[in-house]
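Reader: Could you walk me through this protein? I'm new to this, so please keep it plain.

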Amino acid sequence: MKATVRKLGKWSLWGVGAVLVLLALYLSVFFLPYPLFPHHTEHAGFSVYSDSEIPESFEIVLDDARRRVVAMELYRGAAPLRVFICRSQRLFVLLNRLAGKRHAGQALVISAAGNAFFSEVMIESVGRRNGGRPVHSRLEGSWPAAIAHEVAHDLVASEVGFRRARRIPVWKSEGYADYSANLASAAADLDYDFRSRIGILLDDDSWRSPFGFVDRRHLRWHLLVEFLFSVKGLAFVDLLDEGVTEEIALAEMMAWYKTTAE
């Protein structure tokens, strides 16, 4: 009997050990993924890793991303996320599956690790599908905007904490990240006109494709946050107020749009 108990105890220890090893391997994929991304460069304050060679021209992308980040309200001089470029879509999909995500977007961020994984296929396919429009939005398919967008999410998490950040309504979270990521580029565009952007949002013909209507929710969320900030003068802390709802913000934005009609 005692021998049986000892054997069961040993098997239990082996089982616990195996679970711990698997857990360590799982966490290392997200916290220490460097073996999967052997190519590395440092530029403009970013640490960049890739599963294939990084072209020198990518420095232009990082310079643009940096300009976008330093213009953000929540930027405090903190180091940006580490950038991991997945040119292999299979690798990117695998990382999303391991993270528990059913669908792969343009990026996967592990804020606790300070790592952001980007899909070259998804970013560039978004740009091709939408013809690079609307500019200054995540629908443009822009590498600098995609990087800055995820940095904005990370800054929010640093500002309010990971738990509270996860509870922020998606329209505020995504709208704020996209607004922040494109604030600097829009400010540098002499032809930029906020009111005409609302017109694009409302124009169904702008959203038709051979596959049906393109999802315009992200642009709507972006414009709602932009309206609240640039027209109503709100700041990030005001955006978190529970009284600021998507329905109220949309109604106010549309009323402003109608009263400012030429």
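Reader: Which residues do ring pairs link into a cluster?

Author: This is a predicted model, where local features need pLDDT of at least 70 and side-chain atom pairs count only at pLDDT 80 or more, while totals for chains, interfaces and linings use all residues. Residues are numbered from 1 along each chain as its sequence is written, and side-chain values use heavy atoms, with hydrogens and water left out. Rings of Phe, Tyr and Trp (its six-membered ring) pair if their centres lie within 6.5 Å; planes under 30 degrees apart are stacked, over 60 edge-to-face and the rest tilted. The residues that such pairs link into a cluster are Tyr34, Phe37, Tyr49, Phe84 and Phe117.

Reader: How many aromatic pairs does the structure hold?

Author: The ring rule I just gave is the one used for the count. For the structure, that comes to 13 aromatic pairs.

Reader: Are the rings of Phe58 and Trp143 edge-to-face or stacked?

Author: Look at where they sit: Phe58 is in helix H2 (residues 58–70) and Trp143 in helix H5 (residues 143–160), 85 residues apart, so the pair links distant parts of the chain. Helices here are DSSP runs of H or I with at least four residues, strands are runs of E with at least two, and both are numbered from the N terminus. Both Phe58 and Trp143 are buried (under 20% relative accessible area; exposed is over 50%, partly exposed in between, with a 1.4 Å probe and protein chains only). The ring centres are 5.5 Å apart and the planes are at 80 degrees, so the pair is edge-to-face.

Reader: Over which ring does the charged end of Arg195 sit?

Author: A charge sits over a ring if NZ of Lys or CZ of Arg is within 6 Å of the ring centre and within 35 degrees of the ring normal. The charged end of Arg195 is 4.1 Å from the ring centre, and the ring belongs to Tyr257.

Reader: Which helix gives the most to the lining of the largest cavity?

Author: On a 1 Å grid over the protein atoms alone, a cavity is a set of points where a 1.4 Å probe fits but cannot get out, and lining residues have an atom within 4 Å of a point. There are 2 cavities of 30 Å³ or more, and the largest holds about 60 Å³ of space; grid points are joined across faces, edges and corners, and a volume is the space filled by probe spheres set on the points. Its lining includes Gln106, Phe118, Arg138 and His149. With 4 residues, the helix that gives the most is H5.

Reader: How about the second largest pocket: which helix gives the most to the lining there?

Author: A pocket is an open set with protein on both sides within 12 Å along at least five of seven lines. Helix H4 (120–130), H8 and strand S6 (208–209) each supply at least two lining residues. The top giver, with 3 residues, is H8.

Reader: Where is His136 found, and is His136 buried or exposed?

Author: His136 has a positive phi of about 60 degrees although it is not a glycine. His136 is found in the loop between H4 and H5. At 10% relative accessibility, His136 counts as buried.

Reader: Is Ala44 buried or partly exposed?

Author: Ala44 also has a positive phi, near 55 degrees, in a residue other than glycine. Ala44 is in the loop between strand S1 (39–43) and strand S2 (46–50). With a relative accessible area of 23%, Ala44 is partly exposed.

Reader: Which residues is Val156 in contact with, leaving aside neighbours within four places in sequence?

Author: Val156 lies in helix H5 and counts as buried at 9% relative accessibility. Contact means heavy atoms within 4.5 Å. The contacts of Val156 are Leu74, Gly161, Ala165, Ile168, Tyr176 and Phe236.
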